[in-house]
Amino acid sequence: MKKRLYFTIIVLTLLVFIDKYYIYNDLEIIKKDIEVINLAGSQRMRSQKIIKLVLYYEINKPAPFINIIFLENSINEFIISHNQLKQFHIKRYKSENLEFLYKKIEPFYNNIVNSAKTLIDDKDNIKKVNNFVKMIKLKENDYLNLMDKIVMEYEEIGQQRIAKIESRENILNTMVVLIFLNIFFMSGFEILKKKKKKKANLA
C-alpha cells in the first residue's frame, strides 16, 4: 500500500509540473497571438493613414515636402508590417482561410504600395497624381474589407486555441482531483490499518 501511495504522489507531482509547463507555453502562444492580432489591426490603420496622406495631394498641389516624407515613411511601415504578418502566417498558422485571404489581398496591397511610390516619385505631375490618387482610393476600400476578415480570422484562431487550452486544463484538473482523493483514501486506510494493528498489539 505504501508503494502505491508513493507512486501516486510521484504521478501527482509530475502532473503538476507538466501542467505548469503547458501553462507557460500556452501563455507564450496567447501572447504571440495577441501580437499578431494587434499587428493586423495596426496594418489596417496604416492603410487609412496612407489614404489620408494621399487625399492631401488632391487638396494641396504640389504637396508640401513634409507630406511626402510622411507618406514615404507610412509606406515603408506598411510594407514591413505586411511582410511580418505573412511570415507569422507561414511559420505559426496553418489556416486555409488565411492563405486564401492573403492571396486575395496581395494585388490590392501591391496596388496601394506601387501607386503611392509612383505618386511620391512623380509628385509634380498633376495628371499622374490624380490618376494614382483615384486608383489608391478605389483599391483601399477592398484592402480594408479583406484586412478586417484577416483580423477576424486571427481572432477566431486565437479563440480556438484558448478553447483547447481550457479543455486540456479541465482534464488535468480532474485528474489531479481524482489523484488527491486517491491519496486521501489511501492515507486514511493506512492510518486505520496502523490503529487496528496498535490495538491488536495492546490486546
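**Close-up views of a predicted model**

**View 1. Helix H4 and the largest pocket.** Helix H4 (residues 126–202) contributes the most to the lining of the largest pocket, with 4 residues. This is a predicted model, and the pocket shown here has a volume of about 160 Å³. Look around its lining and you will meet Arg92, Tyr93, Lys94, Ser95, Ile157, Gln160, Arg161 and Lys164. Sorted by class, the lining holds 4 charged, 2 polar and 2 nonpolar residues.

**View 2. Arg161 pairs with Asp33.** Arg161, one of the pocket-lining residues, also makes a salt bridge with Asp33, where the closest N and O atoms are 3.0 Å apart. The two partners come from distant parts of the chain: Arg161 lies in helix H4 and Asp33 in helix H1 (residues 2–59), 128 residues apart. Is Asp33 buried or exposed? Asp33 counts as buried because its relative accessibility is 5%, whereas Arg161, at 23%, counts as partly exposed.

**View 3. Glu77 meets Arg46.** Here the side chains of Glu77 and Arg46 form a salt bridge, 3.9 Å from N to O. This pair also links distant parts of the chain, with Glu77 in helix H2 (residues 65–92) and Arg46 in helix H1, 31 residues apart. Glu77 has 39% relative accessibility, so it counts as partly exposed; Arg46, at 22%, counts as partly exposed too.

**View 4. A network of salt bridges.** Asp26, Arg168 and Glu169 are linked in this network. Within it, the closest N and O atoms of Arg168 and Glu169 are 3.2 Å apart. Arg168 is partly exposed at 21% relative accessibility, while Glu169 is buried at 15%. Searching the whole structure finds 7 salt bridges.

Key: Residues are numbered from 1 along each chain as its sequence is written. This is a predicted model: local features need pLDDT of at least 70, side-chain atom pairs count only at pLDDT 80 or more; totals for chains, interfaces and linings use all residues. Side-chain values use heavy atoms; hydrogens and water are left out. On a 1 Å grid over the protein atoms alone, a cavity is a set of points where a 1.4 Å probe fits but cannot get out, and a pocket is an open set with protein on both sides within 12 Å along at least five of seven lines; lining residues have an atom within 4 Å of a point. Grid points are joined across faces, edges and corners, and a volume is the space filled by probe spheres set on the points. Helices (H or I, at least four residues) and strands (E, at least two) are DSSP runs, numbered from the N terminus. Ala, Val, Leu, Ile, Met, Phe, Trp, Tyr, Cys and Pro count as nonpolar, Asp, Glu, Lys and Arg as charged, and the others, Gly among them, as polar. A salt bridge is a side-chain nitrogen of Lys or Arg within 4 Å of a carboxyl oxygen of Asp or Glu. Buried means under 20% relative accessible area, exposed over 50%, partly exposed in between (1.4 Å probe, protein chains only).
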